[in-house]
Amino acid sequence: MAVRAGTTAVVTGGARGFGKAFGAALAEEGAAVVLIDIDADAVERAAADLRRSGLVAIGFAGDVTDETALAAIMAEAAEIHGGIDVLINNAGLHSDEYSRPILDMGLAKTRRLLDVNVVGVIACTLAAHPYMTGRSGASVVNIASAAAHLGGTAYGTSKLAVIGLTITFARELGISGIRVNAISPGMIATDTIRAELPDAVQERVKAMQLIDISGSEVDVVEAMLYLTSERARFVTGETLRVTGGMAAGV
């Protein structure tokens, strides 16, 4: 079992994609899941889908850059469930629109990217920290990207910062009994990837892998379940690359 029954898990960007998959997997393992997403209707639908399956889930509309709103959401989630055990910092801007040179994007768009992808991780972690302190097995997982290890885009730079924050928070929160790790997914055939990247680009990226298989959401979900489990009790400050070897390196 990845998480203990009775665990409370908060997932940002929980309305769709990886976030929705993380929430479903944690709920199926027995966690009470709290989904946060800027899309109010979509996050409520995602939570309702889980509840219809007999699982425990609640959805909150919230922007990960809004410190006041996050504080209220985390406080309410902790009050309902008695605390917070797992935080998955998944929310982020990641479309083709943000995977461009900074010279093309300009300052305003780059600032927005960093505000969501970097400051959002800080804001969510700070908001959840008081309710995670001292709880057995408490764990934060940040979602980075293979782009962080390859360089060349503003998006990759934002995710490199997430990896740096993972080490920083692992050092700072360890005294509170909280482990902090990250996952760098490679090219995963999500709806966004299929919609935005031409087949030729997907094939070119896949050719960078060391193994000739296609990654799926399940691969990233399994990594998350490992990092939030007791099996990873001696693992903190690490980034697990789930890239088919595309981002292999030291």
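Predicted model: local features only at pLDDT ≥ 70, side-chain atom pairs only at ≥ 80, totals over all residues.
## A bent helix

Helix 4 covers residues 102-132. A straight helix of 31 residues would span 45 Å, at 1.5 Å a residue. Helix 4 spans only 36 Å between its end C-alpha atoms. Where does helix 4 kink? The kink is centred on Ala108 and is about 75 degrees.

## The nonpolar core

The largest nonpolar core has 40 residues. Met74, Leu87 and Met132 touch the most other members. Five elements are listed as giving two or more residues to this core: strand 2 (32-37), helix 3 (67-81), helix 4, helix 5 (147-150) and helix 6 (154-173). Which element gives the largest share? Helix 4 does, with ten residues.

In soluble globular proteins, nonpolar side chains tend to be buried together.

## After helix 4

Thr133 sits in the loop between helix 4 and strand 5 (139-143). Is Thr133 buried or partly exposed? Its relative accessible area is 37%, so Thr133 is partly exposed. Thr133 and Ile36 are 97 residues apart in sequence. In space, their C-alpha atoms are 21 Å apart.

Gly134 also follows helix 4. The phi of Gly134 is positive, near 80 degrees.

Which residues make the nonpolar surface patch of about 330 Å²? They are Leu210, Ile211 and Ile213. Ile213 belongs to the loop between helix 8 (199-206) and helix 9 (217-227).

Why does Ile213 count as exposed? Its relative accessibility is 53%, and exposed means over 50%.

Note on methods. Residues numbered from 1 in each chain as written. Heavy atoms only, no water. Patch = residues over 30% accessible without salt bridge, like charges linked within 9 Å, V, L, I, M, F, W, Y side chains within 5 Å. Areas by Shrake-Rupley, 256 points an atom, 1.4 Å probe, with all protein chains shown as cover. Salt bridge = Lys/Arg side-chain N within 4 Å of Asp/Glu carboxyl O. Helix = DSSP H or I, 4+ residues; strand = E, 2+ residues; numbered from the N terminus. Buried < 20%, exposed > 50% of the residue type's maximum accessible area, 1.4 Å probe, protein only. Expected span 1.5 Å × (residues − 1). Bend = angle between axes of the 7 residues up to and from the residue. Core = buried A, V, L, I, M, F, W, Y, C linked by side-chain atoms within 4.5 Å.
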